[in-house]
Amino acid sequence: MEEISFDAVISSLPGALASVTGALERLGVPDGAVRALELSVDEAVTNIILYGYPPSNGRIWISCGVEGGMVRVQIEDEGVPFDPTGAAEPDLEGDADQRPIGGLGIHLIREMTDELRYERRDGRNILVLGKIL
Amino acid sequence: MEITTERIDGVLVIGLKGRLDGYAATQAAPEIERSLRDDDRSVVFDLDGLTYMSSAGIRILLALHKKVKARNGGIALCNVGEYPRNVLSMAGFDRVLPIFSSRDDALREVQKREGSLSLIADLKNPTVEREGARFAFEPVSRAPASLRVKGSLATLLHARIREEDLSAERLSGITYSLGLGALGSGVEDTMPYLGEMMTLHGSMIWLPTDGHDTPDFFVPAGDTGAVRAYTAFNLSLEGAFNEVAVVEAAGEEGIALDALYRAIFALAKERRKECRGVLATAIWGVVAGVQSTGIKRSPIAGSAPANGGSILDPENYDEWMDVCTEMKYDGYSIVTFGIGIDLSADLSGYDRKALDAIDAGHAGPSGLSLHNHGVVFRGVPWDAETDLVRGIERCLADGEFVDMRHLLDTTRIRRAKVGIAYISAIKQE
């Protein structure tokens, strides 16, 4: 189990993503799954930073592990309670200029992962992203 | 993340290389915003070398697509690698955003659209070419227009303005004017801050001579009378424009203001017998670059140059005038009002004293004496279908106010609607 923690500011994102992919590679996760989880973590963390915390406040914790043929990335934050698993599917049809811009991130997470779990525990949002190996 | 922006035959091409994650998107968005001109309708995104993209990248593409679509344009993508293509496909955007295999193909496609739009405009109005720009004329009013002058430029330029030269203006009564003035509660209040000003459709825009070099944009909310505009010199248009010229410069560098006036005078000789040598114009357009001056100190009696000369004399110039010869505001919108006097014309039909009051006596190399002020705005989409007055109103209501300056004749305009009044008389108050 590798753990990463960083300040919830958008400039932390590139470093955090590099730490996550590095950790996943060390765990022997194949390249395709690493890339899928990288994008999912990007979407989830960007969302927490931009909407979960007041500006320049708070931290985010990420841990990665492999268990029973499944790689899981757990993201925790102390921002406002938000359950992305309950978000509505965005409209993927229609003209580009009429499509709403929101909701794409969670849609990509759903596409990229095999397991998506959320719970609110001890004042923390806990999001688990899983991918079958 | 590496962003490059360039222009190919006028079309903005944005190159995005490397990783476009949530952070890179926050860096890229303002840079893209900056490079977009108010008259851009088409943008090509070259994604060659883009190895990673999240939904934040899609948001950037989509935001720009919506913006230019509202201008009857669109974006085109090219050199889209496997990773961004998969992300676009998962989000369902590979079907709605046009993707081309090469930059040339993307450029060809957007130029086809640009070409058909200008063809429609050409069919509606025949154009003539002058000074590297195309002109098409739309008639407006047959009624003769005149200029009303308050004060005199000579008094201003010799810094001899006294309190009795100042009087309050009712802004709501003036559609187009330029001059020297200030906002305040009385004459005494405003004397020290008199600066370059213009009024457009009842709004006053001025550059106070308070040392901050920051213009002020004042829209009177009803005529409460609490704040009034005091002017020492004011030149306003009475009557309507006689015609509107739709001007499109052939090259990226635009057409200089003096060349624009020169062309209008030359065309008037062939087309408008009523042109007697003085024109008033209002422009709504997109600039290739603004060069400007602004008076630094209030030219009131008491601060006059010691040598008794004009503040524009070489030995006094630097002390009195702020000159900006850097080409600024490429791609921004501008609204101008000003006059041009063709000194080679027979001007004897005008009231001599009134004519002297508006002529600074500084003719440019083309024998024209020009005096124009301009307000710069950002984010007002250029639309050739919108008429001049509505375009100006749109700038005033929706544009982001950027600057107001006395324009140098070298200010360059890329495309514009130019309201032209062939001045029949100049009246001095």
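Q: Let's start with chain A. What share of its residues is buried?
A: Of the 133 residues in chain A, 34% are buried. Keep in mind that this is a predicted model.

Q: OK. And what's the secondary structure of chain A?
A: You get three helices and five strands. Going from the N terminus, the order is β-α-α-β-β-α-β-β.

Q: Now the helices. At what angle do helix 2 and helix 3 of chain A pack?
A: Helix 2 of chain A covers residues 31–52 and helix 3 covers 104–112; they pack at about 150°, and their axes are 9 Å apart. An angle over 145 degrees counts as roughly antiparallel, so that is what helix 2 of chain A is relative to helix 3 of chain A.

Q: Left-handed or right-handed crossing?
A: Helix 2 of chain A crosses helix 3 of chain A in the left-handed sense.

Q: Which residues meet there?
A: From helix 2 of chain A it's Ala36(A), Leu39(A), Ser40(A), Glu43(A), Ala44(A), Thr46(A) and Asn47(A). On the helix 3 side you have Gly105(A), Leu108(A), Ile109(A) and Met112(A). By class, that contact between helix 2 and helix 3 of chain A holds six nonpolar, four polar and one charged residue.

Q: And which residues of helix 3 of chain A are buried?
A: Leu104(A), Gly105(A), Ile106(A), Leu108(A), Ile109(A) and Met112(A).

Q: What covers them?
A: From chain A, the cover includes helix 2, strand 4 (115–121) and strand 5 (124–132).

Q: Speaking of chain B, how many residues of each chain are in contact?
A: 20 residues of chain B touch 20 residues of chain A. On the chain B side, helix 1 (22–35), helix 2 (55–69) and helix 3 (82–90) each put in at least two residues.

Q: Which of those gives the most?
A: Helix 2 of chain B, with eight residues. As for classes, the side of chain B that touches chain A has 10 nonpolar, six polar and four charged residues.

Q: What about domains in chain B?
A: The domain assignment gives domain 1 (2–121) and domain 2 (127–429). Taken over C-alpha atoms, the centres of the two are 38 Å apart.

Q: How many residues are in contact between them?
A: Eight from domain 1 of chain B, against 13 from domain 2 of chain B. The domain 1 side comes to two nonpolar, one polar and five charged residues.

Q: What does Val66(A) contact, leaving aside its neighbours within four places in sequence?
A: Leu27(A), Val29(A) and Val71(A). Val29(A) is 37 residues away along the chain, with 8.3 Å between its C-alpha atom and that of Val66(A).

Note on methods:
Residues are numbered from 1 along each chain as its sequence is written. Chains are lettered from A and ligands numbered from 1 in the order in which they are written. This is a predicted model: local features need pLDDT of at least 70, side-chain atom pairs count only at pLDDT 80 or more; totals for chains, interfaces and linings use all residues. Two residues are in contact if their C-beta atoms, placed from the backbone, lie within 7 Å. Helices (H or I, at least four residues) and strands (E, at least two) are DSSP runs, numbered from the N terminus. Ala, Val, Leu, Ile, Met, Phe, Trp, Tyr, Cys and Pro count as nonpolar, Asp, Glu, Lys and Arg as charged, and the others, Gly among them, as polar. Axes are lines fitted to C-alpha atoms, for helices over the stretch in contact, and angles run from 0 to 180 degrees between N-to-C directions. Angles under 35 degrees count as roughly parallel, over 145 as roughly antiparallel, 65 to 115 as roughly perpendicular and the rest as oblique. A crossing is left-handed if the near helix is turned anticlockwise from the far one by less than a right angle, and right-handed if clockwise. A residue is buried if 20 or more other C-beta atoms lie within 10 Å of its own, exposed if 12 or fewer, and partly exposed in between; C-beta atoms are placed from the backbone. Domain bounds come from an automatic or database domain assignment.
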